[in-house]
Amino acid sequence: MKRTLFSALLLSSALMFGACNNDKPAEVGAEGMNAAATVASDAANPTVDNPNVASETAAPNPNAPVMSFTESEFNFGDIKAGDVVKHTFEFTNTGKSPLLIENATASCGCTTPNWTKDPIAPGGKGTIDVQFDSHGKAGLQNKEVAVRANTQPNITQIAIRANILPASTEGPVKQ
């Protein structure tokens, strides 16, 4: 126990004295240690100028594409358990530059989105097909799809709804 404690004390002392650099004069002010740390971190993590992320002080881009949906939510109503249903959401680029969808992700693995992959020119139309598989589901279902594009904001939500009816109990009745 004494040997371990002594070894730990000796090691920490060696690290402390070895880490100190008494040869350099202390730097003070904005050009001191913090400035050097900022330069090093800037080199390791360069700033990326992303036009899709608006800060509190940045003005929105008036030339950005705009995704205008004819409907942002669709209700399938009552469907049978095990049904696979599909709906196509249509949108128009009402902005001033080409719209490009990067990705569309669903809130659940039972929902599969498929979207227009080509850039949509201003005034052009595109679609997002959303397929819902009701296997293993029951009751009211609300599923959202997050569409990431070069718009401001860069994520737009669309949703589907369905009421999955319980499996039928028709057939011979056991008595």
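Residues 24 or more positions apart make up 64% of the chain's contacts with a separation of 6 or more, where contact means heavy atoms within 4.5 Å. Keep in mind that this is a predicted model: local features need pLDDT of at least 70, side-chain atom pairs count only at pLDDT 80 or more, and totals for chains, interfaces and linings use all residues. Numbering starts from 1 along each chain as its sequence is written, and side-chain values use heavy atoms, with hydrogens and water left out.

**Overall make-up**

The chain has 2 helices and 8 strands, and reading from the N terminus the elements go α-α-β-β-β-β-β-β-β-β. Both kinds are DSSP runs numbered from the N terminus: helices are H or I with at least four residues, strands are E with at least two. Of the 175 residues, 26% count as buried; buried means under 20% relative accessible area, exposed over 50%, and partly exposed in between, with a 1.4 Å probe and protein chains only. The accessible surface of the chain is about 12,600 Å², and 56% of that belongs to carbon and sulfur atoms. Those areas come from the Shrake-Rupley method with a 1.4 Å probe, and for residues only the protein chains shown count as cover.

Two strands pair if DSSP finds at least two bridges between them.

Strand pairings with their bridges, from both sheets:

| Strands | Bridges | Direction |
|---|---|---|
| E2 (residues 73–80) and E8 (residues 155–165) | 6 bridges | parallel |
| E7 (residues 139–149) and E8 | 10 bridges | antiparallel |
| E3 (residues 84–93) and E6 (residues 125–133) | 9 bridges | antiparallel |

A hairpin takes E7 into E8 through 5 residues.

**The antiparallel sheet**

Another open sheet of 4 strands has the order E1-E3-E6-E5 and antiparallel pairing. Its edge strands are E1 (67–69) and E5 (111–115), each pairing on one side only. From one strand to the next, the twist averages 30°. Phenylalanine 91 has glycine 126 in E6 as its bridge partner.

**Rings**

How many aromatic pairs does a search of the whole structure find? It finds 2, counting rings of Phe, Tyr and Trp (its six-membered ring) with centres within 6.5 Å; planes under 30 degrees apart are stacked, over 60 edge-to-face, and the rest tilted. Phenylalanine 69 and phenylalanine 91 make a tilted pair, 5.5 Å centre to centre with 55° between the planes. This pair links distant parts of the chain, with phenylalanine 69 in strand E1 and phenylalanine 91 in strand E3, 22 residues apart. Both of these phenylalanines are buried.

Phenylalanine 74 and phenylalanine 76 pair edge-to-face, at 5.0 Å centre to centre and 80° between the planes. Phenylalanine 74 is partly exposed at 24% relative accessible area, whereas phenylalanine 76 is buried at 17%.

Finally, the charged end of lysine 117 sits over the ring of tryptophan 115, 3.7 Å from its centre; the criterion is NZ of Lys or CZ of Arg within 6 Å of the ring centre and within 35 degrees of the ring normal.

Conventions:
Axes are lines fitted to C-alpha atoms, for helices over the stretch in contact, and angles run from 0 to 180 degrees between N-to-C directions.
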